[in-house]
There are 2 protein chains.
Amino acid sequence: MTLHIGLLVFPAVQQLDLTGPFEVFASAAGTSVHLVWKDLMPIRSATGLMLTPDTTFADCPQLDVICVPGGGGVNALLRDEAVLDFIRRQARGARFVTSVCTGSLVLGAAGLLKGRRAATHWNALDFLPSFGATPVAERVVRDGAIITAGGVTSGIDFGLSVVAELLGEDEAKTIQLALEYAPAPPFSSGTPEQASAEIVAAARARMATSRSEREAIVAELASEALS
Amino acid sequence: MTLHIGLLVFPAVQQLDLTGPFEVFASAAGTSVHLVWKDLMPIRSATGLMLTPDTTFADCPQLDVICVPGGGGVNALLRDEAVLDFIRRQARGARFVTSVCTGSLVLGAAGLLKGRRAATHWNALDFLPSFGATPVAERVVRDGAIITAGGVTSGIDFGLSVVAELLGEDEAKTIQLALEYAPAPPFSSGTPEQASAEIVAAARARMATSRSEREAIVAELASEALS
């Protein structure tokens with residue numbers, strides 16, 4: 001039986017949030033991996049790579065795994081009812097409801113993280129309580145049927161963890177070897193704790209515009225929820 | 001001044017070989033990253049993701065960095081003179097001539113690895129001597145202006161190393177933090193040495209058809225070179 005795994009694709013998605021787990025999922029035996037969006041027009045990702053959806057919300061089969069990646073484009077999704085409705089509808093029948101990076105904020109906006117432990121990009125962890133979630137600074141966090149990953153590259157660790165859950169550890173290990181995933185970063189600068197204060201400031205500065213916009217949207221959503 | 005970085009895209013490319021370094025390069029300050037192929041039609045990657053070139057061989061500016069990713073589609077490139085000519089032409093003016101995974105076999109077929117130390121996917125290291133290269137089982141290998149990476153995910157380590165060479169270590173560290181690249185693989189199975197014999201056999205079996213085809217092509221090329 002084919003496992004249907006759907007990754008949401010959207011304007012200004014961070015493509016590596018999506019392409020990392022895609023490669024892991026699509027390398028697994030017996031999977032069909034879909035890129036899902038409102039229509040099938042090519043989409044520009046945050047850093048310019050063009051991605052082409054293959055399935056619309058309307059035509060998407062019930063997914064075994066739905067995965068929402070992150071990126072600057074998440075901001076627009078937080079108030080997009082067509083997107084949030086699609087995720088809620090799929091979540092009812094999916095085995096795992098998942099995200100990479102700031103994709104967890106979209107799960108939160110869909111109301112799916114209430115009372116849940118969840119991961120996200122290190123620069124977005126403080127948004128999770130606004131959606132009723134408990135932030136966890138880990139690369140892969142499972143809380144029942146909800147599996148969320150940390151920032152960008154954690155999507156590869158996440159993909160292997162999800163494949164192990166679905167198809168067993170041997171399948172995940174075989175894919176890890178095929179993808180030669182024995183990482184050796186040339187520097188030790190992958191978390192705010194590892195990086196120097198200057199590097200943390202530089203990274204925050206690059207994300208500042210998107211983050212300000214996100215702060216305003218999350219504050220609005222919180223105020224609407226109270227009214 | 002803009003740094004032009006071009007990644008070759010081709011039918012049955014292993015998309016993560018390309019999308020990993022793309023995200024690193026495109027996140028760097030002052031870069032323009034191109035996906036280059038013969039024409040601009042969408043291309044199906046090895047595991048199904050569609051990629052769309054944005055620059056043709058004919059229109060491509062002189063690149064500062066040319067990068068050839070790998071994948072099953074490499075086999076067809078080893079005898080494709082239009083591809084090999086393009087790479088040779090770009091290599092003459094580029095600052096770095098690079099590859100990820102089995103992309104190094106294409107650099108070899110273009111005659112660019114003679115007398116050089118080079119990396120490739122663990123299941124292809126034994127092909128490198130046919131191109132006059134010395135195989136090195138490391139994730140990133142620099143020999144002068146030639147920088148080659150190991151299998152698939154090593155493209156992220158490679159991307160950060162190349163950015164450090166081009167723009168300095170602080171730029172690479174800032175990108176590493178933005179991409180939260182502090183990898184934590186859930187299993188220890190990323191190299192043939194780390195994986196169990198059963199997992200190595202399973203991974204080899206999945207690659208056997210493509211590898212047999214590659215063996216035949218490399219043997220033909222070697223025999224032609226002798227005649």
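**View 1. Helix H7 of chain A packs against helix H6 of chain B in this predicted model.** The two elements, residues 197-226 of chain A and residues 169-178 of chain B, meet at an angle of about 65°, and their axes are 9 Å apart. The crossing of H7(A) and H6(B) is right-handed. From H7(A), the residues in the contact are A:Ile199, A:Val200, A:Ala202, A:Ala203, A:Arg206 and A:Met207. From H6(B), they are B:Asp170, B:Glu171, B:Lys173, B:Thr174, B:Ile175, B:Leu177 and B:Ala178. Sorted by class, the contact of H7(A) with H6(B) comprises eight nonpolar, four charged and one polar residue.

**View 2. A:His121 has contacts in both chain A and chain B.** A:His121 lies in the loop of chain A between strand E8 (117-118) and strand E9 (134-135). With a relative accessibility of 5%, A:His121 counts as buried. Neighbours within four places in sequence are left aside in the contacts that follow. Within chain A, the residue touches A:Cys101, A:Thr102, A:Gly150, A:Gly151, A:Val152 and A:Met207. Across in chain B, the partners of A:His121 are B:Leu177, B:Ala178 and B:Glu180. Among these partners of A:His121, A:Met207 of H7(A) and B:Leu177 and B:Ala178 of H6(B) also belong to the helix contact of View 1.

**View 3. A:Val9 is a buried loop residue of chain A.** The loop that holds A:Val9 runs between strand E1 (3-8) and helix H1 (15-27). The relative accessibility of A:Val9 is 0%. Apart from neighbours within four places in sequence, A:Val9 is in contact with A:Leu18, A:Leu35, A:Val36, A:Trp37, A:Ile43, A:Leu51 and A:Pro53. A:Thr31 is 22 residues from A:Val9 in sequence, and their C-alpha atoms are 18 Å apart.

**View 4. Residues 7-164 of chain A carry a domain annotation in UniProt.** The unreviewed entry names the feature "domain: DJ-1/PfpI". Over this range the chain is 30% helix and 22% strand.

View 5. B:Cys60 is buried, at a relative accessible area of 9%. B:Cys67 is likewise in no disulfide; its nearest cysteine sulfur belongs to B:Cys101, 11 Å away. B:Cys67 is buried too, with a relative accessible area of 0%.

Definitions and conventions:
Residues numbered from 1 in each chain as written. Chains lettered and ligands numbered in written order. Predicted model: local features only at pLDDT ≥ 70, side-chain atom pairs only at ≥ 80, totals over all residues. Heavy atoms only, no water. UniProt positions renumbered as here; feature names shortened; annotations may be inferred. Helix = DSSP H or I, 4+ residues; strand = E, 2+ residues; numbered from the N terminus. Buried < 20%, exposed > 50% of the residue type's maximum accessible area, 1.4 Å probe, protein only. Disulfide = S-S within 2.5 Å. Axes fitted to C-alpha atoms, helices over the stretch in contact; angles between N-to-C directions. Left-handed = near helix turned anticlockwise from the far one by under 90°. Contact = heavy atoms within 4.5 Å. Nonpolar A, V, L, I, M, F, W, Y, C, P; charged D, E, K, R; others polar.
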